[in-house]
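Hi,

Here is the structure I promised to pass on.

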Amino acid sequence: MSAIIEEDGSGYEPVKVLIAMHEGMDTMDVVGPLEVFSFAQHDMKNPDSKAFRVLFAGSTEHVVTAQGASFRAHIDFAEAMKRLAEIDVLVIPGGGTDKMLKTKDQPFTIIKAFTELQKKNPARERTLMSVCTGSLFLAELGVLSGLAATTHPDYVTKMEIICSNAAQRDMADRCDVMEARYVVNNLRFDLGENEEENPYILSKKEYKDHKRRKSSAGGPPSPIEERANGGGGGRPTSTARKGSISLKMSNMRRESVLKRANLRLGGLRVLTTSGVTSGIDGALYLVGALVSDDCADEVARKMCHDWKKGVVVDGTDV
């Protein structure tokens, strides 16, 4: 049985993370997020409640980093491409970017395939995360068009040039390159204790009414229209449980699919992080989004890490 679809029998369905490795990548870009995901549990007192399952993919069995460390891949990229539909989070490390930008070898193909998969099938919530200069690969592919993103401070100018060239090549919108710890696009909020009071959740009847109003002019604002964080009429903070259960529920709701389909990249959550250790902070954000804020705080405490928050671009529940 594939390592991707194996379950541990604990009753928890872990979020499946694939780290796409390449020769010359930075060791910390891999180890940082790996450490975070490995610590995350739905129940911090129950070691069988692991929230994530992490897999390595590589062009060869052993991938050597810029620091000389060797990582063994669980699967090759051919197998990863076959199993891509099962992946929830794709992580792209940085390092060795000059060579990769010239050759455009893996992980370029799997990044493009992952984004195309989301656009063709927005019925599943997926996340694309880059660490450090891994964002340059996303920029070169045009994935960051119309989004906001960051990278290692020493590579901001280079990234702006790549984004500009990609926008001209694809006749697309520019990427807003900023210096931040991490930047999140197409975020997903928790759903709320009482779904009937959540303005972003539609019943079957409301969904039909929405489609009817959309076809006629002058109707009232749709409850799933884009709204800015903190704006008037925004919904209150919720303490609903997140993680595998709400992730699965969000993948089943037709209104969630509708919302994702109308966002860039089919609602793919795109998270780029700054230099090296910022991958830890970006991974902690995902733990907070997919498991719980308490879990993220506990992971940071265990790692003796001061979680530095980044920028979350305005968005709504998808």
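Before the helix packing, a word on terms: an axis here is a line fitted to C-alpha atoms, for helices over the stretch in contact, and angles run from 0 to 180 degrees between N-to-C directions. With that in hand, helix 10 and helix 11 pack at about 145°, and their axes are 6 Å apart. Keep in mind that this is a predicted model.

On the helix 10 side, Leu284, Val287 and Gly288 do the meeting; their partners in helix 11 are Asp293, Cys295, Ala296, Val299 and Ala300. Sorted by class, that contact has six nonpolar residues, one polar and one charged.

Now the interior. In soluble globular proteins, nonpolar side chains tend to be buried together. The largest nonpolar core here has 39 residues, and Phe37, Phe52 and Val287 have the most contacts inside it. At least two residues each come from strand 1 (15-20), helix 1 (27-39), strand 2 (52-58), strand 6 (89-92), strand 10 (182-185), helix 10 and helix 11 (293-302). Helix 10 gives the largest share, eight residues.

What does Phe52 touch, once residues up to four places away in sequence are not counted? The list is Pro14, Val15, Val17, Phe37, Ala40, Leu286, Val287, Leu290 and Val291. There is also a second, separate core, this one of 36 residues, with Ile87, Leu138, Met159 and Val270 included.

One more spot to check is Ser274, in the loop between strand 11 (269-273) and helix 10. Is Ser274 buried or exposed? Its relative accessible area is 9%, so it counts as buried, the cut-off being under 20%. The Ser274 side chain reaches the backbone oxygen of Thr151 at 3.2 Å. Beyond its neighbours within four places in sequence, Ser274 is in contact with Val131, Cys132, Thr150, Thr151, His152, Pro153, Ala180 and Arg181.

For the whole chain, I count 11 helices and 12 strands. Of the 318 residues, 53% are buried. Among contacts between residues at least 6 apart in sequence, 78% join residues at least 24 apart.

Cheers

Definitions and conventions
Residues numbered from 1 in each chain as written. Predicted model: local features only at pLDDT ≥ 70, side-chain atom pairs only at ≥ 80, totals over all residues. Heavy atoms only, no water. Core = buried A, V, L, I, M, F, W, Y, C linked by side-chain atoms within 4.5 Å. Buried < 20%, exposed > 50% of the residue type's maximum accessible area, 1.4 Å probe, protein only. Helix = DSSP H or I, 4+ residues; strand = E, 2+ residues; numbered from the N terminus. Contact = heavy atoms within 4.5 Å. Polar contact = N/O pair within 3.5 Å; in protein donor to acceptor, adjacent residues only side chain to side chain. Nonpolar A, V, L, I, M, F, W, Y, C, P; charged D, E, K, R; others polar.
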